[in-house]
Amino acid sequence: MRKKIMAICKYGISFLLVGAIVFIYRDKLDEVVDLLRGANVPLLIATFMGAICLVFMFAWRLKLILGAQSVNVSIFNAFVVAMAGYFFNNFVPSAMGADLFKGVYLSRGSNKVKEVFSSILVDRVIGLITLIMIAFGAMLSHQELFAD
């Protein structure tokens with residue numbers, strides 16, 4: 001019974017938030033529809049599939065980091081956590097909301113709370129290092145922009 005109530009709450013909150021977004025931007029819905037009609041559909045599909053692939057890679061990285069801490073999580077659950085993290089990053093004022101959600105979701109039912117939260121921290125550090133390497137590579141490939 002409790003699981004059914006939780007599922008109803010999850011879906012209810014999701015529909016409520018989507019409804020709130022539609023309500024807030026109701027004056028702009030015509031513009032959105034026009035943009036979607038004029039979009040390059042193959043490019044839109046390719047972009048969507050690329051984004052899903054990136055989320056899958058982030059989920060795989062999280063699964064490997066959690067595995068190093070002896071926290072077993074399926075790739076499906078890691079993918080769900082990564083997608084939910086993107087959701088919370090968009091609706092919660094800070095990125096900490098997503099990390100807290102990931103930690104609570106992944107540590108429920110286990111006594112490995114420290115391991116889960118340290119894995120999320122390591123995941124963040126790896127993401128930061130990756131971002132710095134991308135920026136450094138961009139600077140190296142476009143040195144003329146930084147010349148005196």
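Predicted model: local features only at pLDDT ≥ 70, side-chain atom pairs only at ≥ 80, totals over all residues.
Residues are numbered from 1 along each chain as its sequence is written, and side-chain values use heavy atoms, with hydrogens and water left out.

The α3–α4 crossing is right-handed, meaning the near helix is turned clockwise from the far one by less than a right angle. Among the α3 residues that meet α4 are Ile52, Val55 and Trp60, and the α4 side includes Ile75, Phe79 and Tyr86; contact means heavy atoms within 4.5 Å.

Move on to α4 and α5, whose axes come within 8 Å and cross at roughly 150°. That makes the two roughly antiparallel, a label for angles over 145 degrees. The contact involves, among others, Val80, Ala84 and Phe88 of α4 along with Ala98, Phe101 and Tyr105 of α5.

Next come α5 (residues 96–107) and α6 (residues 113–141), with axes that come within 9 Å and cross at roughly 140°. This pair is therefore oblique, and the crossing is right-handed. Leu100, Val104 and Leu106 are among the α5 residues here, meeting α6 residues that include Val116, Phe117 and Asp123.

Asp123 has another partner too: Asp123 forms a salt bridge with Arg61, with the closest N and O atoms 2.6 Å apart. Asp123 is in α6 and Arg61 in α3, so the pair ties together parts that are 62 residues apart in sequence. The count comes to two salt bridges (a side-chain nitrogen of Lys or Arg within 4 Å of a carboxyl oxygen of Asp or Glu).

Finally, look at the surface. Leu54, Phe56, Met57, Phe58, Trp60, Leu64, Met83 and Tyr86 form a nonpolar patch with about 760 Å² of accessible area together. Patch residues have over 30% relative accessible area and no salt bridge, with nonpolar side chains (Val, Leu, Ile, Met, Phe, Trp, Tyr) joined within 5 Å; areas come from the Shrake-Rupley method with a 1.4 Å probe. Helix α3 gives the most, with six residues.

Definitions and conventions
Patch = residues over 30% accessible without salt bridge, like charges linked within 9 Å, V, L, I, M, F, W, Y side chains within 5 Å. Helix = DSSP H or I, 4+ residues; strand = E, 2+ residues; numbered from the N terminus. Axes fitted to C-alpha atoms, helices over the stretch in contact; angles between N-to-C directions. Parallel < 35°, antiparallel > 145°, perpendicular 65-115°, else oblique.
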